[in-house]
Amino acid sequence: LQADLNTFLALGVHGATVVTAVTAQDSERMLGIHPIPAQTIAAQLEAVFSGLSVDAVKTGMLGTAEAVVTVAAALERVSRDIPVIVDPVIAATNGARLLSPDAEALLARRLIPRATLVTPNLHEAAVLTGGEPAPNEDSMKAQAERLVERGARAVLVKGGHLPGPDAVDIFFDGKSFRRFATPRLAVRNTRGTGCTLASAIAAFMAKGSELDEAVSKAKRYLQAALQEADERDFGTGAGPLHHFCHWEGAP
Ligand SMILES: Nc1ncnc2c1ncn2[C@@H]1O[C@H](COP(=O)(O)OP(=O)(O)OP(=O)(O)O)[C@@H](O)[C@H]1O
Ligand SMILES: [Mg+2]
């Protein structure tokens, strides 16, 4: 949520949050997870959707099956004109599970059909399509196709965890593929790349970009935030990337 809100602020949009779990974590350890009761999640959704005119939605860690169902049910009632970016968070980089196993199938069945874009990393794409993590771009394309068959309007399979000189993401909208590649930066502070990317896509869509244009701009913003990430240090481990970096499109 903190990376999401920093991204929204940096890109000039107002973010409102629905907290699905309180976590205690640093870059290396998960010290505790307290899931928020479904009733409280539903009340927050009601507050946001009845009190604000929402231009885009981004989901992140949902945690439990009840949270998935509660969020999906609320989004089913929201106008189809509002883009929904689903970051299907299943595990953290520090290894902690962020979605209970019984919720995986529900995420695929209830939330993915409402998604304007789903942004799985290699591990999440494998879980959601029932296969192994893609070892190459052809497999990433095949998994993207499968997720569109499952009802997503478009998919961005993120290849941050594939080795190679470039970080390559594969985009598929049911008609054509686009390859988004940026030089892989050897920085230490990479915490929150996935959250930042999905939030930036939602922010650009809220400001009126078409989906593929929003992905392209978000990749450029992420690259800038990574480029300057090591200019400051907050402690041990992989610190946060630099949301308030110098960026060509800064508001
Ligand atoms: N070292 C890097 N340099 C440039 N881009 C990167 C690097 N690592 C990842 N990326 C990009 O960051 C985005 C997130 O990719 P990744 O595959 O790491 O997702 P993730 O595992 O969901 O991230 P997170 O662990 O933050 O949730 C993608 O656009 C990916 O290409
Ligand atoms: Mg992620």
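A backbone N or O atom of G160 sits 3.0 Å from an oxygen atom of ligand 1, a polar contact if you count N or O pairs within 3.5 Å. This is a predicted model, where local features need pLDDT of at least 70, side-chain atom pairs count only at pLDDT 80 or more, and totals for chains, interfaces and linings use all residues. Residues are numbered from 1 along each chain as its sequence is written, and side-chain values use heavy atoms, leaving out hydrogens and water.

**Around ligand 1**
- H161 puts a polar side-chain atom 2.7 Å from a ligand 1 oxygen atom, and a side-chain N or O atom of K158 is 2.8 Å from an oxygen atom of ligand 1.
- The protein covers 90% of the 630 Å² of accessible area that ligand 1 has on its own (Shrake-Rupley method, 1.4 Å probe).
- Helix α8 (211-227) gives the largest share of the shell, four residues (helices are DSSP runs of H or I, at least four residues).

**Aromatic pairs**
- There are four aromatic pairs in the structure (ring centres of Phe, Tyr or Trp, using its six-membered ring, within 6.5 Å; planes under 30 degrees apart are stacked, over 60 edge-to-face, the rest tilted).
- F171 and F180 have ring centres 6.2 Å apart and planes at 85°, so they pair edge-to-face.
- F171 is buried at 3% relative accessible area, and F180 is buried too, at 6% (buried means under 20%, with a 1.4 Å probe and protein chains only).
- F204, Y221 and W247 make up one aromatic cluster.

Definitions and conventions:
Chains are lettered from A and ligands numbered from 1 in the order in which they are written. A polar contact is a pair of N or O atoms within 3.5 Å; within protein, one must be able to donate a hydrogen and the other to accept it, and residues adjacent in sequence count only if both atoms are side-chain atoms. Helices (H or I, at least four residues) and strands (E, at least two) are DSSP runs, numbered from the N terminus. Buried means under 20% relative accessible area, exposed over 50%, partly exposed in between (1.4 Å probe, protein chains only).
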